[in-house]
Amino acid sequence: MSDLNTTRPVQFNSEKISYEEFRQVLIDDYKLAVESRFVSLLGRKEVLTGKAKFGIFGDGKELAQIALAKVFKPGDWRSGYYRDQTLAFSLGISSIYHFFSQLYSNPDLEADTSSGGRQMVAHFSTRLLDEDGEWLDQNAQVNSFSDVSTTGGQMARILGLGLASKLYKEHPGLSHREKFTKEGKEVVFCTIGNASTSEGVFWEVVNAAGVKQIPVVISIWDDGYGISVPNEVQTTKGDISSVLRGFQEDEKGNGYQIFKVKGWDYAGLCEVYEKAADYARNEGKPCIVHVYEMTQPQGHSSSGSHERYKTAERLTWENDFDCNARMRTWLLESGIAEEEELNEIESDAKDLVRQEQKRAWVDYKKTLQVDLSEAIELLKGINHHAVEIPLKTLLSMTELSLKEVYVNVRRVIRELRGIEVEGKEALLEWYKGSKEINHSRFNDKLFTDSKYSPLRVQEVSAEYDQDAAIVDGREVLNACFRENFHKDARLLAFGEDVGKIGDVNQGFAGLQEEFGVERIFDTGIRETAIIGKGIGLAVRGFRPIAEIQYLDYLIYAFPVLSDDLASLSYRTKGQQKAPLIVRTRGHRLEGIWHSGSPMSVLLGGLRGVHICVPRNMTQAAGMYNTLLQGDEPALVIECLNGYRLKEKMPNNVAEFTVPIGKAELLREGSDVTVVSYGSTLRIVQEAALELEKVGISIEIIDAQCLQPFDRDQISALSLQKTNRLLVVDEDFPGGASSYLTHEILEKQGGYYFLDSKPKTLSAKAHRPPYGSDGDYFTKPAVDDVVEAAYQIMSDSNPKKYPPLF
């Protein structure tokens, strides 16, 4: 492990740079460091004066980020966190104006270029898509993956971002590579705080990147604390690089190059990052740079003061070893700059930051002023006492707020209900139009909604030869994957046991031998890393299928699925996308850990991901075909007990499509509409035969997809005929069955067609015990469905259907 502890001259090739040019580089670096520091200081003041909600800043980290920026090249990637403002300024990812615009949450994407006001300050990203959803040329820019606030959340995707470079480098003939690579030498630069290295995702990803030898440079910004908790409580030995020594590259070339350098040592930082970047870029191997003896002059955030938990000695040390102050002293003592020159730089920097802050504030107010001015003029045109107080409130506002504008407008609308007065109609029309504007400001782009959306893919029916083979369902999937891998070189598949044995249920059986270990491969048991790998690969032009072996295990990867993948389109306002397909299997089997159906967990946390629940493998294959033509993330949950059930083999197995978000009528009936999905459908179909014996006809609808659900609203159409509803699934009570009931009754208006109380039938509140008996008494069985449907009919007509119990 390299430990650079002393200040040494910055290494420049004297044949390429003169002394004056060398001096100017140093002066410019100091100027940037000072500007960034003033941004932090002024940003905190803006929060404390109430002009912004919350602030988190990168003070104390300036020099390391300037040194890091020097080794970035077009095509490289940043996956960082919310202390990287100096790096963002240096690389042009953000600017002082954009930074303050984000601090004020300006919803204009031209002002907050990273998120259009959706993310808190210091969360950076670069545009990867044009207005039509087409990929931009990643080689022509420095790329920043959109930041997340979750500590360590930036780690997972670096696996895929870096693996893409390796694949492009080793396969220069890939036809889709033009916008995503030049020579496969792109480096991923990841930054993380020292305290966040205590998160499990850090260790999972560091291990995986070491196994795959991913070209990544992981920088650990170490200021000695995690909020108020010191390193001694966070990390064994109180020193993360000491703990990481076991990952140091060995004589066989396996492992990491690990560097340790002080955060105030400008020259040492420049030297370390030059070495680390060169090693990752040219050797294609991972590096870790532990930057220690950093400071955090204003504490963790604007929510508190670090004087509460730092000792007087520590505060004195931080003042003495502040990186900007140390660089200033070095410039003066080495004769590179004079006091007067530095004073002028500092004064100009302060003026520039204040100027850009004011410009951002003025533009933010202009954005809000449009709504305020229009609302005031419309209210002035209404001669009614209900307008007086709301109008006075808006006229006297000192701090602009869209919330206050619309609170008062909506108050007037309520007060004028049933009253005809001049100007009211104009106010109503304005308010209706403003709802679309505010939807665009705050609510759109949960999905990319581009021309490549899977919801726009043309439906193609499965076709069968007259003598079509009857095969195990897994063979239909296998054939679908094989044909798609032949058609599209972008496809990759990976997960636990996916490679050599072709997954535990043989969906990929034999395909690794056919397409190679770099396209279909095994991973270690690390669910977060599997999903992160898929996200990064998807952003860099590949079409990955990331497999999580069982639905229950998806919970291990839930933070990266929910915080990163599901919110990516929304939090960048459609500027980034990751068309990852996550494949798993679940529902009916036996045992607590292999038969779960936690659909309500997924529905609550994965808005922004399509959730597909095919009833058999043919439907699953059609969904994969659809999703592979689209550009949005999806989760496909195959029926765990359906792989060996017999199905006909389509002759267009890689061409037919199953529409996403469309339910299917499986059985017509007249008495009760039964909506279900997945493995439980077979239970419902068996129950239908039993119910026929007692004179009850049920209509069966397969949801097929939970998110979105039943875009054609066939459930409500069915209710118009039957007037009775039963929703059956094997999630916990109050879970997906309640979600579906809400969708049918409220969103589709099915409530108005009911003649009896709707009913849901779900599993018990606990996980299923092991064994067939445990399954029978825990999840809906045929008897349960029969009795539930019968009870609905009995409640309606007890004479014809006398109570069973």
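A residue counts as buried when its relative accessible area is under 20%, exposed when over 50%, and partly exposed in between, using a 1.4 Å probe and protein chains only. Helices (H or I, at least four residues) and strands (E, at least two) are DSSP runs, numbered from the N terminus.

You're looking at a predicted model, where local features need pLDDT of at least 70, side-chain atom pairs count only at pLDDT 80 or more, and totals for chains, interfaces and linings use all residues. Residues are numbered from 1 along each chain as its sequence is written, and side-chain values use heavy atoms, leaving out hydrogens and water.

**Stop one: strand 4**

Select residues 188-193. Strand 4 is largely enclosed by the rest of the structure, because 6 of its 6 residues are buried. In a regular strand, side chains alternate between the two faces of the sheet. Here Val188, Cys190 and Ile192 are buried on one side, and Phe189, Thr191 and Gly193 are buried on the other.

Two strands pair if DSSP finds at least two bridges between them. Strand 2 (residues 77-79) runs parallel to strand 4, with 3 bridges; tryptophan 77 has valine 188 as its bridge partner. Strand 5 (residues 216-221) is also parallel to strand 4, joined by 6 bridges, and there tryptophan 221 stands opposite glycine 193.

**Stop two: helices 14 and 15**

Select 402-415 and 424-442. These helices pack at an angle of about 145°, with axes 12 Å apart. The axes are lines fitted to C-alpha atoms over the stretch in contact, and angles run from 0 to 180 degrees between N-to-C directions. Contact means heavy atoms within 4.5 Å. Show the side chains where they meet: helix 14 brings residues including Leu402 and Tyr406, and helix 15 brings residues including Trp430 and Phe442.

Next comes an open sheet of 7 strands in the order 12-11-13-14-16-15-21, with mixed pairing. Strand 12 (520-522) and strand 21 (705-707) are its edges, each pairing on one side only. Zoom in on strand 13 (residues 543-547) and strand 14 (residues 581-586), which run parallel with 3 bridges. Alanine 546 has valine 582 of strand 14 as its bridge partner.

**Last stop: the largest core**

A nonpolar core is a set of buried Ala, Val, Leu, Ile, Met, Phe, Trp, Tyr and Cys residues joined through side-chain atoms within 4.5 Å. The largest one has 121 residues, and Leu602 is one of those touching the most other members. Select leucine 602 and look for its contacts beyond four places in sequence, among them Leu551, Phe558 and Ile637.
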